[in-house]
Amino acid sequence: MEILYYVSGHGYGHATRSSEILRALVARQPDWTIHVRSNVPPHLLAGIERVVYHPLAESLDPGVVEQRDSLGLDVPATLGEIERYYGRRKELVAAETSWLARRRISLIAADFPPLAGEVATAAGIACLGIGNFTWDWIYEPLIDARRRGLLDWLREGYRQMSGWLKLPFSHAENQVLFPWVRDVPLVARRPRQEPTEVLRRLGIARNDRRPRIVLGMRGRIPIEARAAAANENPEWLFLHFESAHASVRGNEVAVTLSPDLLFTDVLNICDVVVSKFGYGMLSECIATKKRLLAPPRRQFREDEIFDYQIGNHLRYLPISHADFTGGRWRYGIERLLSQPPVEPGLATNGAEMCAEAIAREGAQV
């Protein structure tokens, strides 16, 4: 059996959780071939047997356009992208339907572009949606009365899906769009390497007892902020992913990720993460029981849910935008290091549950 898996290109969280579901699905259905269509960097989905990556020039959904610091939405640009996709919707569906016609695809899973529902209907096959939010819910506060038809278009795509595998930190609205909705546990990547091996690869001595702080925003933390934090806190070790801007300071380590050294491997050896919110970051911090120091984001609707729920599942503190960009992290990190552990109330076997649901849907084809 061959199936198709669409992955949104907005951010890394969709791809990282999809990679975990794909691994679980391959383990469960070793006779299946899984085709992935996305515009995410290929390394995020590398190393998974029987998964064939077919890069798209652009995501199948408009996503959102972030401001330069990645902490706020560029609303006019986001609305422009939605309208652009709406104008091309028939062309996009026709192109994807033609691609499917050249293969023997029996089922689609999608995280979580609504256009996948239209493609599935045009191809005459079922489509399962996977995610913690629907894009119409994200866009709803941004769209004025003149553009309400854009929401109708997005919702029509979701109506054409056979069901929604709903991840934690999701909204209650708009579930009626789907024939059925099933809550599934957290999906989070797991570390692949033993901590001792990660330390060896990064050149960190096993007896180095300095608290380790990992910077998790894919280069969006200002270099000046990192330098200020490292200078102010020489007794801490800072790990970052900016090898092009490595420092000669003795308390910084530039890390290069690869298919056999994931972010979660690095996260697993650290004590505190400095990063913005996002499903991928939150889920992996919960799964590895790590602490999170995060600046506020602007106009990201899902943060309403994250802000309300996240304190129940991990040690988290907010930091002001000024302190974040100024590298004044000491107070927040010290508070986090002194907090007692939080036992998350969420199961973390969501990848296996999603794989089981996809397999069950495939058995009905």
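What is the volume of the second largest pocket? In this predicted model, numbered from 1 along each chain as its sequence is written, local features need pLDDT of at least 70 and side-chain atom pairs count only at pLDDT 80 or more, while totals for chains, interfaces and linings use all residues. Side-chain values use heavy atoms, with hydrogens and water left out.

The second largest pocket comes out at about 290 Å³. Here a pocket is an open set of points on a 1 Å grid over the protein atoms alone where a 1.4 Å probe fits, with protein on both sides within 12 Å along at least five of seven lines, and lining residues have an atom within 4 Å of a point. Its volume is the space filled by probe spheres set on the points, which are joined across faces, edges and corners. The lining counts 18 residues, and Gly9, His10, Gly11, Asn39 and Val64 sit nearest the centre. By type, that lining splits into seven nonpolar, six polar and five charged residues (Ala, Val, Leu, Ile, Met, Phe, Trp, Tyr, Cys and Pro are nonpolar; Asp, Glu, Lys and Arg are charged; the others, Gly among them, are polar).

On to the backbone. Most residues other than glycine have a negative phi, and most peptide bonds are trans. Asp111 and Phe112, though, are joined by a cis peptide bond with omega about -15°. Phe112 belongs to the loop between strand S4 (105-111) and helix H3 (115-123); helices (H or I, at least four residues) and strands (E, at least two) are DSSP runs numbered from the N terminus. Phe169, not a glycine, has a positive phi of about 65°, and its loop runs between strand S6 (163-166) and strand S7 (181-183). Phe169 counts as buried because its relative accessibility is 3% (buried means under 20% relative accessible area with a 1.4 Å probe, protein chains only). Gln299 also has a positive phi, near 70°, in the loop between strand S12 (291-294) and helix H10 (303-309).

Ser275 lies in the loop between strand S11 (272-274) and helix H9 (279-288). At 2% relative accessibility, Ser275 is buried too. A polar atom of its side chain is 3.3 Å from the backbone oxygen of Gly216. Leaving aside residues up to four places away in sequence, Ser275 touches Gly216, Met217, Met281, Leu292, Leu293, Ala294 and Pro295, where contact means heavy atoms within 4.5 Å.

Technical notes
Buried < 20%, exposed > 50% of the residue type's maximum accessible area, 1.4 Å probe, protein only. Polar contact = N/O pair within 3.5 Å; in protein donor to acceptor, adjacent residues only side chain to side chain.
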